[in-house]
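Trainee: I have not looked at this structure before. Could we go through it by question and answer?

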Amino acid sequence: MDGARNTAHDGDQTREDERAVLEAPDINRALTRIAHEILERAKGPENLLLLGIPTRGTILARRLADRIEQVEGRAVAFGSLDVTMYRDDLRLKPARALGRTDLPPEGVDGRIVILVDDVLYSGRTVRAALDALNDLGRPTAVRLAVLVDRGHRELPIRADHVGKNLPTSRAETVRVCLWETDQRDAVLLRGGH
């Protein structure tokens, strides 16, 4: 999760001050498009490794891997990359549980790594992911896929693959709900009125 983006996750309840900007069909279409874009840019699934940033980025990486397998008829490697210890806000926020880094046995060397996250906001989570990845090896290339880009970058980071550009104010919050954790697929926007 990108730091300071205020994404609260509390099940499938939609608060009365939230509105859905993406529903399940929209998310499915966005992920299918992103999977095709990844394949086109990489010129096929060879050497691809999708690494999700826990928690929802990992779920999205698995979904993208499934779509790529449906298109190509062969599995693509995926895993998760915990960035907790690489974050620059550890001293500013309460202690958080460590996530899990789960890499395929081949590692990251020589791979085209696609970092996958749910929301891109300040860019600080992605910076932490790049630092974590640097400690794991040397990929051929690193690209970024996000479901939602809400703007407000604090670092010079841009997503290569975006499900939806969602201009927001800093007062607004974006909440991504995925079936695996929230029993609903939706992107909800709250506040800023």
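Trainee: How many helices and strands does the protein have, and in what pattern along the sequence?

Mentor: This is a predicted model. The protein has four helices and eight strands. Read along the sequence, they follow the pattern β-α-β-α-β-β-α-β-β-β-α-β.

Trainee: What percentage of the contacts between residues at least 6 apart in sequence join residues at least 24 apart?

Mentor: Start with burial: of the 193 residues of the protein, 50% count as buried. Among contacts between residues at least 6 apart in sequence, the share that joins residues at least 24 apart is 71%.

Trainee: Which element supplies the largest share of the largest nonpolar core?

Mentor: The largest nonpolar core has 33 residues, and Leu48, Leu50 and Val187 have the most contacts inside it. Several elements each supply at least two of its residues, including strand 1 (18-23), strand 2 (48-52), helix 2 (56-72) and strand 8 (186-190). The largest share is eight residues, and it comes from helix 1.

Trainee: Which residues does Leu50 touch, leaving out those up to four places away in sequence?

Mentor: Leu50 is one of the residues with the most contacts inside the largest core. With residues up to four places away in sequence not counted, Leu50 touches Ile38, Ala61, Leu64, Ala65, Ile68, Val76, Ala77, Phe78, Gly79 and Ile114.

Trainee: What distance does helix 1 reach from its first C-alpha to its last?

Mentor: Helix 1 has 19 residues, and its buried ones are Ile27, Ala30, Leu31, Ile34, Ala35, Ile38, Leu39 and Ala42. Just after helix 1, Lys43 takes a positive phi of about 60°. At 1.5 Å a residue 27 Å is expected, and helix 1 comes close to that, reaching 27 Å.

Trainee: Why are the buried residues of helix 3 on the same side, and what arc do they cover?

Mentor: The buried residues of helix 3 are Thr125, Val126, Ala128, Ala129, Ala132 and Leu133. An α-helix has 3.6 residues a turn, so residues three or four places apart point the same way.

Trainee: Which exposed residues does the face of helix 3 turned away from its buried side carry?

Mentor: The buried residues of helix 3 pack against strand 2, strand 4 and strand 5. The face turned away from that buried side carries the exposed residues Asn134 and Asp135.

Trainee: Is Pro54 buried, partly exposed or exposed?

Mentor: Pro54 is in the loop between strand 2 and helix 2. Buried means under 20% relative accessible area and exposed means over 50%. Pro54 has 22% relative accessibility, so Pro54 counts as partly exposed.

Trainee: What distance separates the C-alpha atoms of Ala24 and Ala186?

Mentor: Ala24 is in helix 1, and its relative accessible area of 27% makes it partly exposed. Ala24 and Ala186 are 162 residues apart along the chain, yet their C-alpha atoms are separated by 5.8 Å.

Trainee: Over the ring of which residue does the charged end of Arg150 sit?

Mentor: The count of aromatic pairs comes to zero. A charge over a ring does occur: the charged end of Arg150 is 4.2 Å from the centre of the ring it sits over, that of Tyr121.

Methods: Residues are numbered from 1 along each chain as its sequence is written. This is a predicted model: local features need pLDDT of at least 70, side-chain atom pairs count only at pLDDT 80 or more; totals for chains, interfaces and linings use all residues. Side-chain values use heavy atoms; hydrogens and water are left out. Rings of Phe, Tyr and Trp (its six-membered ring) pair if their centres lie within 6.5 Å; planes under 30 degrees apart count as stacked, over 60 as edge-to-face and the rest as tilted. A charge sits over a ring if NZ of Lys or CZ of Arg is within 6 Å of the ring centre and within 35 degrees of the ring normal. A nonpolar core is a set of buried Ala, Val, Leu, Ile, Met, Phe, Trp, Tyr and Cys residues joined through side-chain atoms within 4.5 Å. Buried means under 20% relative accessible area, exposed over 50%, partly exposed in between (1.4 Å probe, protein chains only). Contact means heavy atoms within 4.5 Å. The expected span of a helix is 1.5 Å times one less than its number of residues.
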